[in-house]
Amino acid sequence: MRTRPIIASALALGMIAAACASDSSDPIDPPTAAELPATAAELPATEPANTGPDTDQPAERFTTITLVTYDSFPQADTSINAALDAFTEQTSIGVELLVAGDTGTMLSKAALTVGNPEGDVMWGIDNTFLSRALNDGIFEQGVLFDPENVPAEFLALVPNGEALPVDFGDVCVNYDIGYFVENELDLPTSLQDLAAPAYRDLLVVQNPATSSPGLAFLLASIDEFGADGWQAYWQQLTDNGVQIVDSWTDAYYGSFTWAGGGDRPLVVSYGSSPPAEVIFADPSRDDAPTGVIESTCFRQIEFAGVLAGTDHPDEAAELVRFLGSEQFQAELALNLFVYPANSAVALPQEFEDFAVVPEMSRTLDPDLIDENRSDWIDEWSTLALG
Amino acid sequence: MKNGACAANRLPSRVVAALAVGPIAGLVVFYLWPFTTLLARAINGSTVADTLSRGATWDIAWFTLWQAVVSTAITMLVGLAPAYIVARFEFPGRQLLVGVLTAIFVLPTVVMGAAFLALLPDSLDRTVWAVIAAHVVFNLAVMVRIVGAFWEHLPIDMESAAATLGASRWRIFVDISLPLLRPSLSAAGAIIFLFTFTSFGVIRILGSAGTRTLEIEVWRRATQLGDISGAAVLSVLQLAVLAVVVGWSTRAQRQHARAVDLRPEQDRRRTKSPGERRFVTLVAVGTAALCIAPLAAMAIRSFRSASGWSTTAWTTLGKAEVRPGIRLGIDPVGALVNSIQNAAWASSFAVLLGAVASLAIAAAGRGGRLLDVGLMLPIGTSAVTIGFGMLITFDTPPFDWRAEWWLVPVGHALVALPFVVRTTVGVLRSVDPSLQDAAATLGASPTRAWWNVVVPFLWRPLAVGAALAAAISLGEFGATSFLSRSGGETLPIAIDELLGRTGSLLQAQGYALATILAVTTVSLIVGVSRIHDMTGLAHQRSGSETVDR
């Protein structure tokens, strides 16, 4: 057991400290100073050792830049990381990943550190946060990304080109196929259906105040029923026994009939959840146990951009262009469970088979979202949580 | 003779001041400075007015307060019996019981909350009672460890004498044990209150949606709404309420500290009468059942798959490829190593600073009280505000520390420090002053008398504190989770990521990893008590020939 020597040394240190305390007027410094260099030498082994233009890099202008991401971005070992390594080989620009938390946390930090950012490039601001990011000026202005094969409606969201659309995905109501077959129940086909008596006590959603899919579902209802009509819809949902929980994990693993042994066969989740259920199934299976109700889908589009105040604007821009390239975009589906924004990239087989890219997915203007988010959430809370 | 204890630790004030330098510097640099930097940047007059005039603010504050008071009171009542048997009796599985209790306390709430939810009857799901029940079970360890550590040092002769004179067990407890225990009771109560007052994960998972403590509301404003200004105001409000409660408890702790001749060695014994045996067995089994149930639920879920039972989650845990060609990018083994390294450093920092801080607090008067309360502040302060504060404070040379590996263990140590201090100070304050008088009479200098008489009492509480600090660091999901990280994924973070993704295999792996974390924690705690039992022998000699009172 590794723990014992550690505790023994912790105790020893404490004893040293106490011993020093009694006969020296400077009790803290000696043991700490003596101990710290030891780990400083050990620890870098756990980090990528590419923090500087080091000896074994022959290239004349080797620079390492930092890519700031949200926490579900893979840190090592995956084909996404291999693609980043390939970028380093091609350009002599090293890429270090820095995980900043969930998207909201990442943006708040970027807003606090505008001008002296934690990294050089940021991946993953989505359209529900985009306006705030642009208003706070977290992205460097006037960088050219030369987007190729990116749908015009995505590019229209960043008219001044501050960031590059890199991927998209949908938040949709998922259903447990087995439950609907067993109970000989027809599937709901619209948001309005979810408020029908046939689906009483069957739906679980997330609190939009604390969960990003929860917010997306609220926005979908605002898109459908309008800024003055969604309140009535939510009243109907509440009367129809909708369950509200705080996070995606609670909803999917706690309440959903398929995944958690809960009692709700309808859950707000992602459009890519069905293929994930196949890929990460145990035991393995070749059909998806869940499906997606297309008309409920709300589209999330994610962006990457150069952080304002970076010391390496050129290298950072080069990395963002690479993030939009076919080489990198091809790795997105299986690693992040999102669709590539670059429409020239083909989807892997599991996605062709089990994922639905809805013909028409809902969106709302990012400015409108940013302006009203707080009020909508407050209004929703009063109405749905009482 | 009420305040005799502090007067008696007569160290030259020069020495006391020197002792206090380290802890104060740590507190100022890593807590006060980042926190005030954030406040100065974020708060302005109009947000203060807006936030305080909002009705919701006061609803949240009131809920935060009452649930914390109720949770603390119930935890203290329920925790007395296990603290007693752990302190006084030697029985099979004693160390294991303490280990398991501690594991429950430090395991990340995302895991324990889910396990607890699986156990609760449906009628209790997502109610405030579920929250309070979880708070009680999760915080029992604080009672057992802090009160237990103190209790086992209380001389048993007074209880024996009372028993000889015919006092009932209950009378002995109420008239003798309870008054002597008061300093440790208020210490434990203050910590339990802090934890339940700043409760985050338990409320989000077990409470009904929208149930909010101030801690949750600060997080929500700062991260989800980008309203850092409003978050900062709420976080000050949170501290203000806490300051009042903790200040009161600290005063109580000092007022009720009575000098008794504590004994450095344990007075634990095997049970004698059948009645005693029944009592110990009942309490031990009851406590074990309370805390093993959620752990077992968690372990069981790691073997659950869509089609029944499966060990795939465990056999694939260390493998980079989940399916041919598909990798997850989460490295559980690396995360475990990172966590253990962090824990070792955090524990070292905490014990180091905690030892000198305790000596200073016990020896100094009013200043000591201030330091004591000061050290409690970090656990009572919203994690997100400290994390964000560090981000904007340590961002320019020579203080460009935001990417330093050691910032995480230092942050953990800050949270663990009060545990080390509270377990230690209670014991130190109660050292019988007549011992030092006796040493002085025999010609020892004040420093030497203090060194020979007071210091030997340090080892046991420090060992307990070290283990707690390491365990807290292993499960810590607070301020440091708001620091950005590069490569240094820890176990709680890896678990959270696994449970945050779709796929039955990943969910089972998340619970497998949580089981590993639990087992690591239990081994740590049990290991430390073993080591202590060995080192404890070396110190038994000093201080055991006490002057009779």
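## Basis of the model

Residues are numbered from 1 along each chain as its sequence is written, while chains are lettered from A and ligands numbered from 1 in the order in which they are written. Because the model is predicted, local features need pLDDT of at least 70 and side-chain atom pairs count only at pLDDT 80 or more, whereas totals for chains, interfaces and linings use all residues.

## Confidence

For the complex, the predictor gives an ipTM of 0.83 and a pTM of 0.83. The score pLDDT is the predictor's confidence in each residue, from 0 to 100. Its average is 84 in chain A, where 84% of the residues score at least 70. In chain B the average is 82, and 89% of the residues score at least 70. Helices (DSSP runs of H or I, at least four residues) and strands (runs of E, at least two) are numbered from the N terminus. Within chain A, helix H2 (residues 29–42) has the lowest confidence, at a mean of 38, and helix H9 (residues 230–239) the highest, at 97. Among the elements of chain B, the lowest mean pLDDT, 40, belongs to helix H1 (residues 4–8), and the highest, 93, to helix H4 (residues 55–88).

Where pLDDT is low, the predicted coordinates should not be read in detail.

## Overall composition

Chain A has 17 helices and nine strands; chain B has 23 helices and four strands. A residue counts as buried if 20 or more other C-beta atoms, placed from the backbone, lie within 10 Å of its own, as exposed if 12 or fewer do, and as partly exposed in between. Of the 386 residues of chain A, 53% are buried, and of the 549 residues of chain B, 58% are buried.

Among contacts with a separation of 6 or more, residues 24 or more positions apart account for 74% in chain A and for 85% in chain B.

## Nonpolar core and chain contact

A nonpolar core is a set of buried Ala, Val, Leu, Ile, Met, Phe, Trp, Tyr and Cys residues joined through C-beta atoms within 7 Å. The largest has 299 residues, of which A:Val121, A:Leu319, B:Ile104, B:Ala360, B:Ala416 and B:Ala469 touch the most other members. The element that gives the most to this core is helix H15 (residues 332–363) of chain B, with 20 residues. Beyond four places in sequence, B:Ala469 has contacts that include B:Ala346, B:Ala350, B:Ala416 and B:Phe419.

The contact between the chains takes 78 residues from chain A and 79 residues from chain B. On the chain B side there are 43 nonpolar, 26 polar and 10 charged residues. In this classification Ala, Val, Leu, Ile, Met, Phe, Trp, Tyr, Cys and Pro are nonpolar, Asp, Glu, Lys and Arg are charged, and the others, Gly among them, are polar.

## Helix H9 of chain B

Helix H9 (residues 169–197) of chain B spans only 34 Å between its end C-alpha atoms, whereas a straight helix of 29 residues would span 42 Å; the expected span is 1.5 Å times one less than the number of residues. The helix bends by about 55 degrees at B:Arg182, and the proline B:Pro183 follows within four residues. The bend is the angle between axes fitted to the seven residues ending at a position and the seven starting there.

B:Phe195 lies in this helix and is buried, with 22 other C-beta atoms within 10 Å. B:Phe195 and B:Asn139 are 56 residues apart in sequence, and their C-alpha atoms are 8.3 Å apart.

## Local sites in chain A

Helix H10 (residues 248–255) of chain A is mostly covered, with eight of its eight residues buried; among them are A:Trp248, A:Asp250 and A:Tyr253.

A:Leu191 is found in the loop between helix H7 (177–182) and strand E5 (203–206) of chain A. A:Leu191 is buried because 21 other C-beta atoms lie within 10 Å. Its contacts beyond four places in sequence are with A:Ala220, A:Ser221, A:Glu224, A:Ser295 and A:Thr296. A:Gly241, in the loop between H9 and strand E6 (243–245) of chain A, is partly exposed, with 13 other C-beta atoms within 10 Å. A:Gly241 touches A:Arg200 and A:Asp201, not counting residues up to four places away in sequence.

Methods:
Contact = placed C-beta atoms within 7 Å.
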